[in-house]
Amino acid sequence: MDLTRLLPAGHCVINISTTCYKEAIRETMQPLVDSGIVTDAETFNNRVLKREAQITTAIGGGVAVPHARSRDVTRLGLAVGVLDEPIKFNEEGDEVSIIFLISIPSFAPVAHMPLLQHLASFVRYPKKVEKLLGSKTPAAAAKYLCSYKARAKK
């Protein structure tokens, strides 16, 4: 999957320094709001948190993939948040250092599935996750993620 259109450098937020997962999600969401992909930040944020309360999106390896579908989303969107320090992302105590936040438009309820598969493939490689964590700039993070090509299944 080519992330170039979904992940401009401005959609990467690095050096997030909060201990609250709700605040981390909100900070990660801001580029989607600023670019007009999310038109109502409060409604979308509430949907993400409601989805997170149903079942955690922490997928292991220090990564979470919160996502929600909303009428307030104009197109499929992706934002990445890289935290300074791991934070507890749920009541089970899963620690997260990277947030891949996906906004899904109501009119395309399964549009995010290939993106989820691509991100899950990326996360299977701890060295790649570690390199993303070491990104010094949003541009470096975006370039690194956009350069990742999932291996085709045989």
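The protein chain has 5 helices and 6 strands, where helices (H or I, at least four residues) and strands (E, at least two) are DSSP runs numbered from the N terminus. In sequence order these elements give the pattern β-α-α-β-β-β-β-β-α-α-α. The radius of gyration of the protein chain is 14 Å, close to the 15 Å that the globule rule gives for 154 residues, so the chain is as compact as a globular protein of that length. That radius is taken over C-alpha atoms, and the globule rule is 2.2 Å times the number of residues to the power 0.38. Along the principal axes, the C-alpha atoms of the protein chain fill a box of roughly 35 × 35 × 30 Å.

This is a predicted model, in which local features need pLDDT of at least 70 and side-chain atom pairs count only at pLDDT 80 or more, while totals for chains, interfaces and linings use all residues. Residues are numbered from 1 along each chain as its sequence is written, and side-chain values use heavy atoms, with hydrogens and water left out.

Of the 154 residues in the protein chain, 46% are buried. Buried means under 20% relative accessible area, exposed over 50%, and partly exposed in between (1.4 Å probe, protein chains only). The areas themselves come from the Shrake-Rupley method with a 1.4 Å probe, and for residues only the protein chains shown count as cover.

Asn15 has a positive phi of about 65° although it is not a glycine. Most residues other than glycine have a negative phi. With a relative accessibility of 49%, Asn15 counts as partly exposed.

Helix H1 holds Thr28. Thr28 is buried, its relative accessible area being 0%. From Thr28 to Ala64 the C-alpha distance is 12 Å, and the two residues are 36 residues apart in sequence. The loop between H1 and H2 contains Ser35. Ser35 has a relative accessible area of 41% and is therefore partly exposed. Ser35 and Leu101 are 66 residues apart in sequence, with 14 Å between their C-alpha atoms.

Side chains of opposite charge can pair when their charged atoms come close. A search of the whole structure finds 1 salt bridge, defined as a side-chain nitrogen of Lys or Arg within 4 Å of a carboxyl oxygen of Asp or Glu. Glu42 forms a salt bridge with Arg26, and their closest N and O atoms are 3.3 Å apart. Because Glu42 lies in helix H2 and Arg26 in helix H1 (residues 21-34), the pair ties together parts that are 16 residues apart in sequence. Both partners are partly exposed: Glu42 has a relative accessibility of 43%, and Arg26 has 32%.

Other charged residues gather in surface patches. Patches are made of residues with over 30% relative accessible area and no salt bridge, with like charges joined within 9 Å and nonpolar side chains (Val, Leu, Ile, Met, Phe, Trp, Tyr) within 5 Å. Lys and Arg count as positive and Asp and Glu as negative, while His and the chain ends are not counted. The place of a charge is taken as NZ of Lys, CZ of Arg, CG of Asp or CD of Glu.

The positive surface patch consists of Arg47, Lys50, Arg69 and Arg71. Arg47 belongs to helix H2, residues 41-54, and is partly exposed at 40% relative accessibility. Glu95 is partly exposed, at 48% relative accessibility.

Lys127 sits in helix H4, residues 126-133. With a relative accessible area of 73%, Lys127 is exposed. The C-alpha atoms of Lys127 and Asn46 are separated by 33 Å, and these residues are 81 residues apart along the chain. Lys143 is part of helix H5, residues 138-147. Lys143 counts as exposed, at 65% relative accessibility. Between the C-alpha atoms of Lys143 and Ile25 the separation is 22 Å, for residues 118 apart along the chain.
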